[in-house]
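Please look at the sequence and the model below before reading on. The paragraphs after them are meant to be read with the structure open.

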Amino acid sequence: MTLEPETNEAIELHDENVAAELTELVERLVEEAQQQGAHQSSATVSDSISVEVSARERDIENIAYEQGRAFRVTVYVDHREGTAVTSDVTDSAIKDTVAQAMSIARFTESDPCNGLPDEDRLATEFPDLEQNFPQPVNIEHLKDDALAADAASLDFDSCIMPANGADASQTATCSVRGNSLGFLNANRYTIYGRSATALARSDAGMQTDYWFDQSCQAEQVESAEFIGRQAAQRALRRLNPRTVATGTYPVMYDRWTAPSLLYPLIEGISGGNLYRQESYLQDSLATQVATTSLTLREYPHLHKRIQSRNCDADGVATTEHTIIDKGVVNTYLLGTYSARRLELASTGHAGGVSNVHVETDFTPVDELLKELQQGLLVTSLIGSGTNLVTGDYSCGAAGFWIENGEIAYPVDNVTIASNLELMYKGIVGFGDDIQDRGTFRTGSILVDAMTVASN
Amino acid sequence: MSDSPAQSRQNLLEQAELTDQDLALNVTGMMDRQIDDAELYIQHNRSEAWALEDGKVKDGSFSVSQGVGVRAITGEKTGFAHTNELNERALHKACVMASSIADRGGNRRAETPGDTPFRRLYPGGDPTAGVTNEDKIRFLSELDRFTREIDPRIVEVSISIRGSSDRVLVYGSDGTNQFDDRPLVNCRIHVIVKDGTRSESGTDGSGGRYPLDVFFQEDFATAKQMAREAVRMAITKLDSVPAPAGEMPVVLGPGWAGVLLHEAVGHGLEGDCERKNTSCFSGKIGEKVANELCTVIDDATLDGRRGSLSIDDEGTPGQRTVLIEDGILRGFMWDKHNAILTGNQSTGNGRRESFASLTIPRMTNTFLLGGESDPEDIVRSVSKGVYCSAFSGGQVDPSSGRFVFATTEAYLIEDGKLTSPIHGCMLTGYPWDVMNSITMVGSDFALDPGVGTCGKQGQGVPVGVGQPTIKVEQITVGGTSA
């Protein structure tokens with residue numbers, strides 16, 4: 001046997017028929033479930049193709065091709081639920097997988113909260129959110145990108161040493177979701193990404209950092225050169241860290257770490273944590289949980305954004321929400337099941353939030369640093385030390401020590417600790433250095449006082 | 001009765017609609033493209049999970065994940081393609097794509113014996129097969145009732161059991177032709193307690209590579225002990241006070257606290273860091289990196305442990321590797337690829353999350369050997385510090401060495417005695433500082449109960465850790481009480 005040398009041509013992106021093909025599969029799954037005796041059922045099928053190229057020490061290191069299709073079917077029999085997932089998409093697997101889900105539903109207990117969403121909550125309109133910008137896979141292009149990002153990092157400074165390199169990737173996904181109430185939604189999206197890591201070395205030791213960007217549009221991703229330089233710059237500025245005296249200081253999360261400060265607030269008012277009594281924000285609806293200057297508003301339908309969605313994981317229509325209004329909880333974030341458990345209506349949050357914007361009077365970030373005077377500017381966090389049940393917060397951090405409102409020197413190997421309630425109520429300002437990259441659109445955030453522990 | 005390994009291997013191939021000849025021809029075809037090394041990894045993973053919450057067994061799921069990963073290596077370059085479509089055509093296509101990495105003349109690597117004998121460390125077959133679904137439901141419901149009766153302050157109980165069987169076949173151009181059938185089970189109990197306005201949580205779990213019915217024996221004795229432990233932890237924490245902040249002596253209890261070793265030294269001793277010179281331990285073999293009381297081992301060969309592997313994901317038999325001996329750095333953990341590039345031998349640490357991930361060097365069961373100190377003497381030796389007995393996990397930046405790990409149950413030590421329980425908090429340090437300041441090593445060595453999953457480059461793999469009670473003279477405690 002020989003292998004034909006037509007390698008690049010072997011990577012075919014989804015053709016126009018893929019959505020139709022997956023839709024038919026979803027319909028067959030739901031039909032099979034109803035035939036096997038399910039009262040209600042839902043199915044999701046996804047198909048994804050991706051290519052990732054990585055470079056290291058100015059040479060290509062890995063090329064990875066991924067092609068995967070998987071489906072999930074959930075059945076309800078008298079409010080008893082069973083789920084089966086498989087990556088075996090052969091015809092015989094459809095029957096077998098549905099049978100597995102049915103056999104699980106025979107043993108689970110009936111829960112009146114189980115079941116598909118109420119029909120009138122299901123999304124019926126699916127405007128194009130412009131998330132699909134397919135381009136033919138060009139391996140040479142991806143190689144050039146990875147090499148350029150790696151080189152830009154290595155060339156940035158003589159202290160930058162070869163380490164884990166850089167990569168460039170592209171992914172195309174088609175997913176189709178449907179249920180026995182007639183709901184059907186096909187969604188196609190693309191993700192293009194570039195990332196680089198950098199290792200900086202001095203006599204005092206090594207520091208690494210990274211940078212990345214991704215978008216559903218290839219041309220919107222920051223250039224390979226920029227990504228490489230940014231990684232190098234971030235590693236360099238961490239060299240020769242010093243220690244600080246353990247004590248209580250104001251702490252500013254820079255715009256890239258600010259989302260991790262806000263995330264527990266979102267988790268704390270999410271249905272699953274509320275009905276399991278796993279949140280310190282139990283019964284917090286309409287109460288003040290954060291500074292009056294914090295408003296969080298969610299925009300699920302923004303165009304050309306990876307996080308945007310017309311419906312949630314249950315198929316419930318998404319809408320704009322003011323989540324936190326001047327520090328007050330305006331809505332919990334509920335999926336179908338958690339809403340029923342709490343005797344409320346779904347807010348279209350099965351599977352989490354989409355695009356959440358901080359809306360406030362932003363302060364020029366230099367002024368915010370002046371206000372900080374003496375304390376810690378956090379640029380990197382390590383470890384997860386949040387106890388959502390009590391609100392206790394303790395996290396490893398690195399960043400810069402601020403003296404007289406200006407950066408004095410890098411700091412590493414410290415912890416920052418407080419309690420989430422005190423932290424959210426103690427936010428004293430939001431920087432105007434707004435970034436809009438992932439789930440949260442936010443600038444830097446200054447917290448009045450946290451315990452900084454160091455050696 | 002479960003099938004013999006040979007039969008189980010044959011079933012895997014049949015499910016994949018592949019024959020031994022397909023494997024051989026495709027590997028030969030790849031090698032004709034002038035690469036150094038070609039490898040096929042065929043996997044079939046079956047898992048099921050049952051969960052109880054709010055007094056009801058309301059979640060059950062069954063999943064099958066199967067596919068093939070093809071790796072082509074030339075020098076430092078790797079071409080990798082995977083697909084979950086299993087048939088000869090899909091395999092062939094993946095082989096073509098993976099071998100597109102070839103860009104120069106091949107240097108065939110040394111042949112290894114195709115089926116190096118190894119000891120099977122766990123039974124093959126489906127570990128859940130010995131228990132009926134009715135029994136699984138009864139187990140969860142009875143355990144829920146048992147747990148709720150332990151204390152009236154319990155407001156929520158969640159319990160889960162899961163079991164998986166993972167069959168992998170590794171077939172390589174170097175002659176590798178190995179098959180492994182890996183069971184994995186676990187049981188986890190989580191409780192929320194409430195007293196007035198205070199809430200706390202407690203968790204306990206255990207698992208390993210053994211049949212699920214271990215939890216069902218002796219009237220659920222193992223699981224009931226876990227329930228008591230989870231409740232005890234939650235109730236204890238109701239009285240906790242703020243944790244101190246700053247550098248101080250810390251005593252770490254036996255078992256799961258070994259997560260310290262995993263983060264502080266384990267990751268930095270994985271061969272990819274050594275090859276790429278990105279570890280703070282790079283080039284330090286033979287040097288003193290820890291107090292002479294410390295001997296650290298990675299051992300894949302323990303029977304039935306969560307981190308154990310009869311063979312790794314490259315077909316190399318699992319091994320016991322001395323990493324640090326009496327404080328001196330002795331070795332790194334290697335997969336084949338990184339070992340060959342640096343002139344080393346694989347130590348059987350090549351692992352991957354699944355067929356869809358690239359193999360990288362990973363830990364198996366990593367632990368610090370026991371010493372001679374009486375654990376009580378260790379606590380008595382501290383006038384002011386912290387005792388930590390439970391952890392939620394940790395993280396490390398291998399190049400700077402900085403690591404953190406989070407305690408979930410800890411106490412103040414005052415004048416040699418445990419006093420108030422304290423809120424959970426982060427501990428942070430550098431390996432050389434912390435490993436050199438381990439000044440007492442207890443005689444109460446224990447492995448963790450089998451709950452650890454290690455994440456690296458987005459891939460999670462089951463691991464074990466272990467240690468006796470130890471005293472660290474100086475480590476930063478990240479509480480709020482400055």
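The text goes from confidence and domains to the contact between the chains, and then to single strands, a helix and a loop.

This is a predicted model, in which local features need pLDDT of at least 70, side-chain atom pairs count only at pLDDT 80 or more, and totals for chains, interfaces and linings use all residues. Residues are numbered from 1 along each chain as its sequence is written, while chains are lettered from A and ligands numbered from 1 in the order in which they are written. The pLDDT is the predictor's confidence in each residue, from 0 to 100. For chain B its mean is 94, and 97% of the residues of chain B reach 70 or more. For the complex, the predictor gives an ipTM of 0.92 and a pTM of 0.94. Where pLDDT is low, the predicted coordinates should not be read in detail.

Start with the domains, whose bounds come from an automatic or database domain assignment. In chain A, domain 1 covers 11-236, and domain 2 is made of 247-260 + 361-453. The C-alpha centres of these two domains of chain A are 31 Å apart. Chain B has domain 1 (5-237) and domain 2 (245-478), with 23 Å between their C-alpha centres.

How many residues of domain 1 of chain B are in contact with domain 2 of chain B? There are 36 residues of domain 1, in contact with 27 residues of domain 2; two residues are in contact if their C-beta atoms, placed from the backbone, lie within 7 Å. On the domain 1 side, the largest share, five residues, comes from S2(B). Names such as this refer to DSSP runs numbered from the N terminus: helices (H or I, at least four residues) and strands (E, at least two). By class, this side of domain 1 has twelve nonpolar, 17 polar and seven charged residues. Here Ala, Val, Leu, Ile, Met, Phe, Trp, Tyr, Cys and Pro count as nonpolar, Asp, Glu, Lys and Arg as charged, and the others, Gly among them, as polar.

Now turn to the contact between the two chains. It takes 67 residues from chain A and 73 residues from chain B. Several elements of chain A each supply at least two residues of the side that touches chain B, including helix H2 (91-107) and strand S7 (205-215). The largest share of that side, eleven residues, comes from S2(A). The side of chain A that touches chain B has 22 nonpolar, 33 polar and twelve charged residues. Two strands pair if DSSP finds at least two bridges between them. In this pairing, Glu66(A) stands opposite His82(B).

Those two residues come up again at a loop of chain B. Ala356(B) lies in the loop between strand S11 (350-351) and strand S12 (360-361) of chain B. Leaving out residues up to four places away in sequence, Ala356(B) touches Glu66(A), Gly68(A), Gly67(B), Gly69(B) and His82(B). Is Ala356(B) buried or exposed? It counts as buried because it has 22 C-beta neighbours inside 10 Å. A residue is buried if 20 or more other C-beta atoms lie within 10 Å of its own, exposed if 12 or fewer, and partly exposed in between, with C-beta atoms placed from the backbone.

Burial also describes strand S6 (residues 198-208) of chain B. Nine of its eleven residues are buried, so S6(B) is largely enclosed by the rest of the structure. S6(B) pairs with strand S5 (residues 177-195) of chain B in the antiparallel sense over eleven bridges, and the bridge partner of His190(B) is Thr203(B) in S6(B). The hairpin of S5(B) and S6(B) has two residues between the strands, and Gly196(B) takes a positive phi near 65° there.

Chain A holds an open sheet of five strands in the order S11-S10-S9-S12-S18, with mixed pairing. Its edge strands, S11 (328-329) and S18 (440-441), each pair on one side only. Strand S10 (residues 321-325) of chain A and S11(A) pair in the antiparallel sense over two bridges, and Asp325(A) stands opposite Val328(A) in S11(A).

After H8(A) comes Gln373(A), whose phi is positive, near 60°.
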